Structures are given as C-alpha cells and as structure tokens.
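The following paragraphs lead through the structure shown below, beginning at a single helix and its surroundings and ending with the chain as a whole.

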Amino acid sequence: IIILLAILGLFETPPEIRQILSSGVRDGVRVVTVPLLSDNYGYLLICSDQKVCAAVDPVEPKKIIDAAKKQGVKITHILTTHSHWDHAGGNTELVKALGGDVTVVGGANDNIPSVTKEVKEGDVFKIGSSIKVDVLDTPCHTKGHVCFYATNQKETDKKAPGVVFTGDTMFVGGCGNFNSGTPDQMYSNFMKLGKLPPETQVYCGHEYTLKNLAYAATVEPQNSELKQRIEWAEGRRKTGLPTVPSTIKDEWETNPFLRVDKKSVRDFSKASDGTEAILYVRKDKTAWGRKQ
C-alpha cells in the first residue's frame, strides 16, 4: 500500500522504498540504481545466477558497498564510463575496501584511477556467467569516454532487451558537454547509441532530466511525446524517484540531440547537417541554462 501511495504521489517515499522502486530487471539483466553525491547515479549490474555484480561509476564507495550487501551480491568489477572525479573518484577507495579482488574497467587512454583493464570499441567481457558487456567508444566529453551495453546470454533470455550505461554522453533528454572532442564525434556517438534496439534501457550518469526536457520543449514546442514525458518526469521527481532508466525509443521521441536530423530540430538550428545541428543545440542549451 505504501509503495502504491508513493507512486500516486500521496506519500513521501522513504529511502528504502525508493531503492526498491529504482531497481530494474530485464529478463536476467538486473540493475540497481544508487543515488550518489548531489545528482549523480551509480549502478549495480547484477548477474543473478552467480550473485555477483559490477559497480558502475561508484564515486561513493560506502553507498555502493551497502547497496551490494542489501542485494546479497559480491562486487567483482568496477565499470568506469570516464575519468571525471564524480564518476571515477571512488575507484581507488573501493578497490582498497574490496581487498584488491576486483577488475577495474575503463576506456583506453582516459587515465582511469586504479584501472586494470583498459577497453575500446569492440571489446567484450562478462559479469558472472550470463551478463555480456559490449564496449562502445563514445569520445568527446572526455577523450576516452566509453559506454557499456549489457545483455543476458542465458539461452532462454538471449532475445531480451539489454541495458546501456551512457555516463555523461547521453542523458535522459540531453547530452554531455563537448569537453575533449568535436561535434562530429558527439553526433557519431548519438547515432551509435540510437542504433541499439529501441527497448534498450538507458542508465545515464546524472539526474538532469527536468532541465533537459524543459530545454527540449523550447526546441520542439509542438512535440506531443515530449509534453507527456515532462509530465511523467515531474511525477517521478515529486515522489523522490529517479527518471532512469529511459529507453532508446524514448530518446528518439524526445531528446533533441538524438533528433538533430529531424526537420523540426534542423529548422530550429538552421543547420545543414546533423553535426552542425548538434553543435548549435549544445551551445544554445548552455546559453539557455545560464539564464535559468
């Protein structure tokens, strides 16, 4: 009853209920969302068969360890999307807390703290016996930023949708800053992520959704899916729930950075191609944010 009232917005959601509601299961690909710092998200990517997991961007090790204990799983991997401190800053402390018995994965040449396994596009590894992780190169926010696409390889679940951890490349309704790359790189990153199956669940690095969607509405004020998405996000945040995961389908419908080849976004940006459009929208989003 408490959970139902929380969903309806009639009850303030306590932390333990928020954790239940923010857990996701995708036919064996189980993800637990762990809020960190002021607006970051870390995650546990769990192989239920062997009760092991990967900790994704675990900037606050104690919270990650506590979450793993509550789920009854052992942390065997740390997956680091990029080198910024609010994603990679907990690696060394977490490795020490786990007694060094952990594989630290990060993008090649991104200077990930305590990294033991540098990865690049096309690399594949497993968490436990059934969770396959494919590495996607997504440079731009940092030069070695990567995303992790996870699927269940059990014979009965191979056709099930996967999940993707996008760090600070793709947000729900938004896009990371071009700190160390080019508009062409970010456009390529979004098109790559956009080619994942529509049902793929998107777990990003920050809770920026309400601001992202508010800006998106200035780009496409007539987008009916976007209006519905804003109402949904407002409802989630009102009850203290995260707006992750999104899906690739959701992002195609509402994220202006993925929609840069749509006529509405091209008209807004007055751009001749997707690269020009994503640069314009990124600059305009920054300028818009400064006025808020």
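Just after helix α8, Gly-240 takes a positive phi of about 80°. This is a predicted model, in which local features need pLDDT of at least 70 and side-chain atom pairs count only at pLDDT 80 or more, while totals for chains, interfaces and linings use all residues. Residues are numbered from 1 along each chain as its sequence is written, and side-chain values use heavy atoms, with hydrogens and water left out.

Helices (H or I, at least four residues) and strands (E, at least two) are DSSP runs numbered from the N terminus. Helix α8 comprises 15 residues, 224-238, and at 1.5 Å a residue should span 21 Å; its end C-alpha atoms are 22 Å apart, which agrees. The expected span is 1.5 Å times one less than the number of residues. At the start of α8, a side-chain oxygen of Asn-223 reaches to within 3.1 Å of the backbone nitrogen of Glu-225.

Which residues of α8 are buried? They are Leu-226, Arg-229 and Ala-233, where buried means under 20% relative accessible area, exposed over 50% and partly exposed in between (1.4 Å probe, protein chains only). These residues cover an arc of only 55° around the axis, which puts them on the same side of α8; the arc is that of the directions from the helix axis to the C-beta atoms. An α-helix has 3.6 residues a turn, so residues three or four places apart point the same way. The cover over the buried residues of α8 includes α7, β15 (246-247) and α9 (248-254). The face turned away from the buried side carries the exposed residues Gln-228, Glu-231 and Lys-238.

Rings of Phe, Tyr and Trp (its six-membered ring) pair if their centres lie within 6.5 Å, with planes under 30 degrees apart counted as stacked, over 60 as edge-to-face and the rest as tilted. By this rule there are nine aromatic pairs. The rings of Phe-125 and Phe-148 have centres 6.4 Å apart and planes at 75°, so this pair is edge-to-face. Phe-125 lies in strand β8 (residues 124-127) and Phe-148 in strand β10 (residues 146-152), so the pair ties together parts 23 residues apart in sequence. Both Phe-125 and Phe-148 are buried. Ring pairs also link Tyr-41, Tyr-43, Phe-165 and Tyr-203 into a cluster.

The chain as a whole has eleven helices and 15 strands, and buried residues make up 53% of its 292 residues.

Key. Contact means heavy atoms within 4.5 Å. A polar contact is a pair of N or O atoms within 3.5 Å; within protein, one must be able to donate a hydrogen and the other to accept it, and residues adjacent in sequence count only if both atoms are side-chain atoms.
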